[in-house]
Amino acid sequence: MSDKEMLYEGKAKILYKGPRADTIIQYFKDDATAFNNVKKGTIAGKGIINNKITELVMTRLSQIGIPTHFIERMSDREQLVHEVDIIPLEVIVRNTVAGTMAKTFGIEEGLRLPRPIIEFSLKDDDLGDPLIPENHILVLGIAKEDELIEIMEMTSKVNDFLRGFFAGVGIELIDFKLEFGRLNDGEDGHFIVLADEFSPDNCRLWDYETGEKMDKDRFRRDLGGEVEAYQEVARRLGVSLELEDKE
Ligand code: C5P
C-alpha cells in the first residue's frame, strides 16, 4: 500500500489517490467504531466482507439505473471509485423502528413503519452528526432543492430495491445510511451519484425468522458473534470470501 498517496483516513476506510485522474481507491479496514468513536475495536475480516458486499450492492443498484461512484473492485480490500465532492449529509432510511429513533421517541424497536422515513444528519463528527431538517439544508446551502429532490428519489428507489434484495435471502432491511456526491460531468456541470459504501456497518439487518441482528449492532451492543454475522450476510448474498490476494 505504501506506494499509494493517502488522501484521508476515516474510521473504517482509507482513501488513496487512484491510478487515473479523478479516481480514488477506497481501502476497507477491519476497524470498527461506534457512538462517534467512543467505542473502538476490530472485526476480523470485516474490510474484505464490506468491500465485496459494497461491490455487489453498487453493481446491482447501477443495473436498476442508480448512478454510483463505483468503478471496480481491485483486490480483497480495495475498490476503485470516481472522485466526487461528497455532500456532507447522512441520508438515513427507516423501515422499522430501531436505534436512535427508538431511543429518541421512546418506541420499542421492531415496530414496522406504515411507510419508510427518510431523514438527514449533518456529516460532522465534532457536532455528533446532528439531525438536520430539509429547510436548514436548503437555507444553509448544503444542497440545492433539485439536488435534495433527486437524493430523495434515488434513496426511495434504493430502499425499494434493497428491501426486496435482502428479503430474498431471509433478511429484513430495518434501516440504513447512504451518502451522495457530486460527480463532474466532464463539462461545466455535475450530477448526483451514490457514494461511500453499503455494508452491515451502515445498515441494520435482522434475520426474518429469528429476528437475530446481523449487523454492526452486534459490536455496538456487545452482543458478540459479529464476525460470524457479517460472514453469514455475505454467504446468503452469494458473496465469495475466498481470498484473492491481489493486493
Ligand atoms: O443510529 P441510528 O439509529 O440513527 O442509525 C440508523 C442507521 O444508519 C443504522 O443502520 C446505522 O448503522 C446507520 N448509521 C451509519 N452511520 C452513522 C449513523 C447511522 O451508518 N454515522
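Begin by selecting Asp-207 and Arg-236, whose side chains are joined by a polar contact of 2.6 Å, a polar contact being a pair of N or O atoms within 3.5 Å in which, within protein, one must be able to donate a hydrogen and the other to accept it, residues adjacent in sequence counting only if both atoms are side-chain atoms. The model on screen is predicted, so local features need pLDDT of at least 70 and side-chain atom pairs count only at pLDDT 80 or more, while totals for chains, interfaces and linings use all residues. Residues are numbered from 1 along each chain as its sequence is written, and side-chain values use heavy atoms, with hydrogens and water left out.

**Around Asp-207**

Stay on Asp-207, which belongs to strand β13; strands (E, at least two residues) and helices (H or I, at least four) are DSSP runs numbered from the N terminus. Asp-207 is buried, at a relative accessible area of 10%, where buried means under 20%, exposed over 50% and partly exposed in between, with a 1.4 Å probe and protein chains only. Its side chain also reaches the backbone nitrogen of Thr-210, at 2.8 Å. Setting aside residues up to four places away in sequence, Asp-207 touches Gly-170, Glu-212, Met-214 and Arg-236, contact meaning heavy atoms within 4.5 Å.

**Strand β11 and its partners**

Next select residues 171-184, strand β11, which is largely enclosed by the rest of the structure because 13 of its 14 residues are buried. Two strands count as paired if DSSP finds at least two bridges between them. Strand β13 (residues 203-207) runs antiparallel to β11 and is joined to it by five bridges, with Trp-206 as the bridge partner of Glu-172. Strand β9 (residues 89-96) is also antiparallel to β11, through four bridges, and here Arg-94 stands opposite Asp-175. Move on to strand β8 (residues 85-86), antiparallel to β11 with two bridges, where Ile-86 faces Gly-181. Six bridges tie β11 to the antiparallel strand β12 (residues 190-195), and Asn-184 stands opposite His-190. These two strands, β11 and β12, form a hairpin with five residues between them, and Gly-186 in the turn has a positive phi of about 90°.

**The ligand**

Now show the ligand together with the 15 residues around it, of which Arg-94, Thr-100, Asp-175, Asn-202 and Arg-220 come nearest; a residue is near a molecule if one of its heavy atoms lies within 4 Å of it. Elements β9, α2 (99-105), β11 and β13 each supply at least two residues of this shell. The shell divides into four nonpolar, three polar and eight charged residues. For Glu-90, a polar side-chain atom lies 2.9 Å from a ligand nitrogen.

**The loop at Asp-129**

Finally, select Asp-129, found in the loop between β10 (112-122) and α3 (134-139). Leaving aside neighbours within four places in sequence, Asp-129 is in contact with Glu-90, Ser-121, Leu-122, Lys-123 and Asp-124. A polar atom of the Asp-129 side chain lies 2.8 Å from the backbone nitrogen of Asp-124.

Methods:
Ala, Val, Leu, Ile, Met, Phe, Trp, Tyr, Cys and Pro count as nonpolar, Asp, Glu, Lys and Arg as charged, and the others, Gly among them, as polar.
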